Amino acid sequence: VLSKLMGNNSRSNCMIEERHTDQLDYNLAVNVQHNMRHNMRIVGGANLRVNRTNYYSEIKDLLGGDYWYDIDKFAERDMASAEAYQNDLDYYWATGHARIARVGDKYGYYYRAHLLETNAWANYTWGIGGFSLGVSGSVGYSNMYREGMWRKGLFPNDSKGDSKKLDYLTYDAKLALGYKFSGAHSIEANVAYMQQAPKFATAFVSPRTRNTTTPGLKAEKIFAADLTYNLNLPYIKARLSGYYTTIEDQSKVISFYDDTRSSFTNFAMSGIDKVHFGLEAAVSIPIYHTLALNGAVSWGQYTYDSNPYYLQTQDNSGDIVSDGYVYWKDFRVESTPQTAVNVGLSWRSNNNIYLSADFNYYNNMYLSMSPIYRTDAVIT
């Protein structure tokens, strides 16, 4: 059947793909403000966001060939059944052969992410003398799900159609206090606690292939507090801050080829907790007219505060490879530098020409850890 359909055209074994993330986003925002006596003000509102994102691969160039045979080559190697390695099983059932894709056609995977977010918020501020107060909060609802547009041969009952609906209550509460002792000295303090819905990218183990959600998925919880002292004198301006933040119940999915299993796998983690704390200081000293010496120092310690649960599964079958805990409590969080220093000179002319020269120093910038080497499976 395939040979009659394609005639003398040649099949490509290599080609260039173009991966799409096409978003359609609707937003509605309403707010109201009321000013009262004694420097009091209330601002409130409501937000609504509806998002639909299409994820798919498209053939960009067949590199001399005429068509692409749309099958899962890894599954073809591992599975004996022709149905198992079809990327679009419904098409195979209807025609008796795999989807024939040409330049501009979708291939490989095609699914949609649906997201609904809504919240109502309010902010109250008041000030008298040198004292200022701010109280704000919000409450909302988040809903997300995956819609598979094709039936994957590896997961015929868990790939096409809507996944389980993931619903979350979201909220935050913030308190801000400030006091000016004089025009030169002031302090600020902020405290916040919030709950946020997880991201779509971490909510599903392998959204390209199936509707399976990440085990142990929960809403993220964040607590943050900071205290700042400001100095504002004619001959010096300075700022000193300290902060402390905890993040709980984060999730993460890593997909990679496991050499020990000779299979592409999904490594899903949940219950990731982090602690961030540190100090920041900045100073600006006028030297001559508009020439100033500027400096800033940031020191922090960002560490993991839990041993998250993990589940490793084979991408082609969903079979469990291993599960247990990743032992990285007290290890440093990766990527961002945890020590930074800046020293520089700045100058501004009367006609707003601005020049600066800066020296920057970064330290304690950690690489991301491989969780594989810190699991029960490796230890035992």
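Student: What should I know before I start?

Tutor: Residues are numbered from 1 along each chain as its sequence is written, and side-chain values use heavy atoms, with hydrogens and water left out. The model is predicted, so local features need pLDDT of at least 70 and side-chain atom pairs count only at pLDDT 80 or more, while totals for chains, interfaces and linings use all residues.

Student: How do I describe two aromatic rings?

Tutor: You give the distance of the centres and the angle of the planes. Rings of Phe, Tyr and Trp (its six-membered ring) pair if their centres lie within 6.5 Å; planes under 30 degrees apart are stacked, over 60 edge-to-face, and the rest tilted. That rule gives 15 aromatic pairs here. Take Y109 and Y111: they are tilted, at 6.2 Å centre to centre with 40° between the planes.

Student: Are Y109 and Y111 buried or exposed?

Tutor: Both are buried (under 20% relative accessible area; exposed is over 50%, partly exposed in between, with a 1.4 Å probe and protein chains only). They also belong to one aromatic cluster with Y55, F200 and F204.

Student: Why is the pair Y309 and Y325 edge-to-face?

Tutor: Because the planes are at 75°, with the ring centres 5.9 Å apart. Y309 is partly exposed at 27%, and Y325 is partly exposed too, at 42%.

Student: Which charged end sits over the ring of Y56?

Tutor: That of K106, 4.6 Å from the ring centre. The rule wants NZ of Lys or CZ of Arg within 6 Å of the ring centre and within 35 degrees of the ring normal. R374 does likewise over F331, at 4.9 Å.
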